[in-house]
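I opened my notebook to go through this structure piece by piece. Here is what I looked up, in the order I wrote it down.

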Amino acid sequence: MIIIMRAGAPKAHAERIVQEIETFKLTPVPMFGVERTVIAVIGDERNLSINQLEAFPGVEKVMRVLKPYKLVSRETKKEKTVITVNGVKIGHEKVVAAMAGPCSVESEEQMEEVCSKLQKLGIKLLRGGAYKPRTGPYSFQGLGPEGLDIMRRAADRHGMAVITEVLDIRDIDEVAAKADILQIGTRNMQNYALLKEVGKIQKPIMLKRGMNSTIEEWLLAAEYILANGNPNVILCERGIRTFEDATRNTLAIDAVPLVKELSHLPVIIDPTHGTGKKSLIEPMTKAGIAAGADGFIIEVHPNPEAALSDAQQQITPKEFATLLKNCKVIAQAVNKEIK
Ligand code: PEP
Ligand code: MN
């Protein structure tokens, strides 16, 4: 951290900051210039608050040198985190993990139909929402516990693992008992109480990027989970809100290579929620794979027109089969295989 004192600030002000830094067991290195003093801080500055230091008399500006997150950072851990679920090595340099399934779990028949088709396509990771975070309270809210059971049974019949959203701290145990990966949705990315609780279990957590969150806020949200003891976090770029209204969200493909520079955690993309438009799903999946995504999650419904949520953006198993075939070539081009 670098602390810049105001021009002409008395020496006593700088000395007060030096004392303050020392109480944190860090090493202040003051440099007294002709006009102003600059104080460098050596040591892990993450416990220091910029706002607090800037409130001291004589301080003009405080700048961080280190990133505010630690455990998720590449600086802390050089090798990539690989999370193996149902034999799929998520985060492995040669793997693109494929996750697919409907937006919501609706019935036994729906899940059976979609799973039998996905199984034929070699899909090992089944998505589906039992608890749905809907924008309006009158929209379909998901089948809850019954949905979890339906999904678990369908997945077991077809040798698949389950990824599903947990909306509420009170449901964590129940969801963790039935699911293989717990999803934290975009609306809950900054629900710190929930993040802390899923940090206390060991099941993998897929953390979606908040639709209004910066990459730094997203990585700090992941840091909450790791800091509470769960190292198994998969990040998912699902699109952010921009001024553009031709698509549902703007899928930030650049987040994929950038987050991979900053963090060792696997990063996948959600081109379904990222665009909200069927015709854009395949091209954006290709773009994500080309940009280095460790996987993708796509909404596939046996009969999208009749879907109880997100009908406009779900594709059929047949369309998904074509997408998979066309994406294989891109995966090969970046020396990976879709698993
Ligand atoms: C979902 O995956 O079904 C979902 C609700 O996603 P998001 O949190 O990205 O909107
Ligand atoms: Mn959805």
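My helices (H or I, at least four residues) and strands (E, at least two) are DSSP runs, numbered from the N terminus.

A note on the source: this is a predicted model, where local features need pLDDT of at least 70, side-chain atom pairs count only at pLDDT 80 or more, and totals for chains, interfaces and linings use all residues. Residues are numbered from 1 along each chain as its sequence is written, chains are lettered from A and ligands numbered from 1 in the order in which they are written, and side-chain values use heavy atoms, with hydrogens and water left out.

Back to α11, residues 317-333: I see 17 residues reaching 25 Å from first C-alpha to last, close to the 24 Å expected at 1.5 Å a residue. The expected span is 1.5 Å times one less than the number of residues. I also noted that α11 bends by about 25° at C327, the bend being the angle between axes fitted to the seven residues ending there and the seven starting there.

Which residues of α11 are buried? I list P317, F320, L323, L324, C327 and A331. Buried means under 20% relative accessible area, exposed over 50%, partly exposed in between (1.4 Å probe, protein chains only). Their cover includes β7 (95-101), α3 (108-120), α10 (278-290), β14 (295-299) and β15 (337-338).

**Cores**

I followed F320 next. Leaving aside neighbours within four places in sequence, F320 is in contact (heavy atoms within 4.5 Å) with A100, L118, L121, I123, F296, I298, V300 and I315.

F320 is also, with L207 and F296, among the residues with the most contacts inside the largest nonpolar core, which has 64 residues. Helix α7 (residues 215-227) gives the largest share of this core, 7 residues. Apart from it I found another core of 16 residues, among them V88, M206, I234 and I297. A nonpolar core here is a set of buried Ala, Val, Leu, Ile, Met, Phe, Trp, Tyr and Cys residues joined through side-chain atoms within 4.5 Å.

E299 sits in strand β14 and D310 in the loop between β14 and α11, 11 residues apart. E299 is buried at 1% relative accessibility, and D310 is buried at 13%.

**Aromatic pair**

Rings of Phe, Tyr and Trp (its six-membered ring) pair if their centres lie within 6.5 Å; planes under 30 degrees apart count as stacked, over 60 as edge-to-face and the rest as tilted. By this rule I count 1 aromatic pair. Y192 and Y224 have ring centres 4.6 Å apart and planes at 25°, so the pair is stacked. Y192 lies in helix α6 (residues 192-198) and Y224 in helix α7, so the pair ties together parts 32 residues apart in sequence. Y192 is partly exposed at 33%, and Y224 is partly exposed at 29%.

**Whole chain**

Last, I noted 11 helices and 15 strands in the protein chain. Of its 339 residues, 50% count as buried.
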